[in-house]
Amino acid sequence: MQNKYTLSETEIEQLFIFVKKKFVNYYDLQVELVDHLASLIEADMEENPNHNFETALNKVYAGFGIFGFWTLVKERTNAAYRNGRKLWWQHFKALFGWPAASVSMVIAVGLYFGLEFLGYQTVTWTFAAVVVITSFTLVLQTASKKRMFASIVFSQGALGGSVSLAFQIPLHLAIWSNNEFLANSTWTFPIYLLVALSYLAMVKVHQQVLNELKHNYPLAFQ
């Protein structure tokens with residue numbers, strides 16, 4: 001049965017402000033919470049005509065317990081990690097099948113000849129620069145002007161891994177460059193190829209999820 005009372009646009013916007021004040025910074029999760037809160041508030045105001053919006057909101061929020069939205073955010077964060085890893089694995093495996101394998105071959109050839117003729121340090125610094133620039137570009141794409149991060153999948157899933165990798169590469173360079181054996185060993189090439197393909201899979205995850213978000217939550221990107 002549909003509730004007779006329907007929240008106004010102003011009240012819906014107040015709910016968005018409310019959940020953001022409770023440290024829910026992801027637009028997709030905000031939308032889910034606002035929809036849920038709005039439904040509960042409308043039902044409460046239908047059942048208790050003497051309740052105004054603020055009273056109903058406080059009553060509904062109290063029903064989430066002493067931890068508020070924290071439990072829900074934690075559950076969604078864990079789900080985002082699992083989803084991010086699942087998507088990454090799907091895209092990583094696809095890089096070894098046609099037609100994506102052609103891109104993997106180009107990367108492999110470029111790394112091999114780069115390490116052979118340019119040297120370990122040149123390739124490493126170039127790779128680190130590409131990862132840093134790409135990672136922060138992805139962050140800017142994910143964050144909108146009004147809604148902060150559009151999806152918890154980005155910040156807690158694959159995005160966290162890509163940004164982390166951007167800082168790990170220079171760190172490993174500083175360690176490896178002081179070791180002649182590591183810098184010139186025969187297994188440097190396969191390790192770099194694996195890292196490059198792993199990162200490419202992360203970028204593909206971002207492209208997929210970003211397209212889905214733009215379709216499902218267009219307001220977050222206006």
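**Entry 1: a tyrosine to begin with**

I started at Tyr112, which at 41% relative accessibility counts as partly exposed. My cut-offs here: buried means under 20% relative accessible area, exposed over 50%, and partly exposed in between, with a 1.4 Å probe and protein chains only. Before going on, I noted that this is a predicted model, where local features need pLDDT of at least 70, side-chain atom pairs count only at pLDDT 80 or more, and totals for chains, interfaces and linings use all residues. Residues are numbered from 1 along each chain as its sequence is written, and side-chain values use heavy atoms, with hydrogens and water left out.

**Entry 2: aromatic rings**

How many aromatic pairs does a search of the whole structure find? I got 13. Rings of Phe, Tyr and Trp (its six-membered ring) pair if their centres lie within 6.5 Å; planes under 30 degrees apart are stacked, over 60 edge-to-face, and the rest tilted.

I looked at Phe64 and Phe69 from that search: their centres are 5.0 Å apart and their planes at 80°, which is edge-to-face. Phe69 is buried at a relative accessible area of 2%, whereas Phe64 is partly exposed at 25%. Then I went back to Tyr112, whose ring pairs with that of Phe189; the centres are 5.7 Å apart and the planes at 85°, so this pair is edge-to-face. Tyr112 sits in helix H5 (residues 100-117) and Phe189 in helix H10 (residues 188-216), so the pair ties together parts that are 77 residues apart in sequence. I took helices (H or I, at least four residues) and strands (E, at least two) as DSSP runs, numbered from the N terminus. Phe189 is partly exposed, at 24% relative accessibility.

I also found a cluster: ring pairs link Phe18, Tyr61, Phe64 and Phe69.

**Entry 3: the cores**

Which residues have the most contacts inside the largest nonpolar core? I wrote down Leu7, Leu15, Val19, Val24, Ile41 and Phe69, in a core of 23 residues. Helices H1 (9-21), H2 (27-47), H3 (53-62) and H4 (70-94) each supply at least two residues of this core. H2 gives the most, with nine residues. For the record, a nonpolar core is a set of buried Ala, Val, Leu, Ile, Met, Phe, Trp, Tyr and Cys residues joined through side-chain atoms within 4.5 Å.

Leaving out residues up to four places away in sequence, Leu7 touches Ile12, Leu15, Ala38, Ile41, Glu42, Met45 and Phe53. Contact here means heavy atoms within 4.5 Å. There is also a second, separate core of 18 residues, which includes Val123, Leu138, Ala196 and Met202.

A general reminder to myself: in soluble globular proteins, nonpolar side chains tend to be buried together.

**Entry 4: salt bridges**

I searched the whole structure and came away with two salt bridges. The rule is a side-chain nitrogen of Lys or Arg within 4 Å of a carboxyl oxygen of Asp or Glu.

One joins the side chains of Arg76 and Glu32, at 2.3 Å from N to O. This pair links distant parts of the chain, with Arg76 in helix H4 and Glu32 in helix H2, 44 residues apart. Arg76 is partly exposed at 28% relative accessibility, and Glu32 is partly exposed at 34%.

Lys59 and Asp44 form a salt bridge through their side chains, at 2.9 Å from N to O. Lys59 is in helix H3 and Asp44 in helix H2, so the pair ties together parts that are 15 residues apart in sequence.

Are these two partners buried or exposed? Asp44 is buried, with a relative accessible area of 6%, while Lys59 is partly exposed at 46%. Asp44 touches His51, Ala56 and Lys59, again not counting residues up to four places away in sequence.

**Entry 5: the whole chain**

The protein has ten helices and two strands, in the order α-α-α-α-α-α-β-β-α-α-α-α from the N terminus on. Of its 222 residues, 41% are buried. Among contacts with a separation of 6 or more, 73% are between residues 24 or more positions apart.
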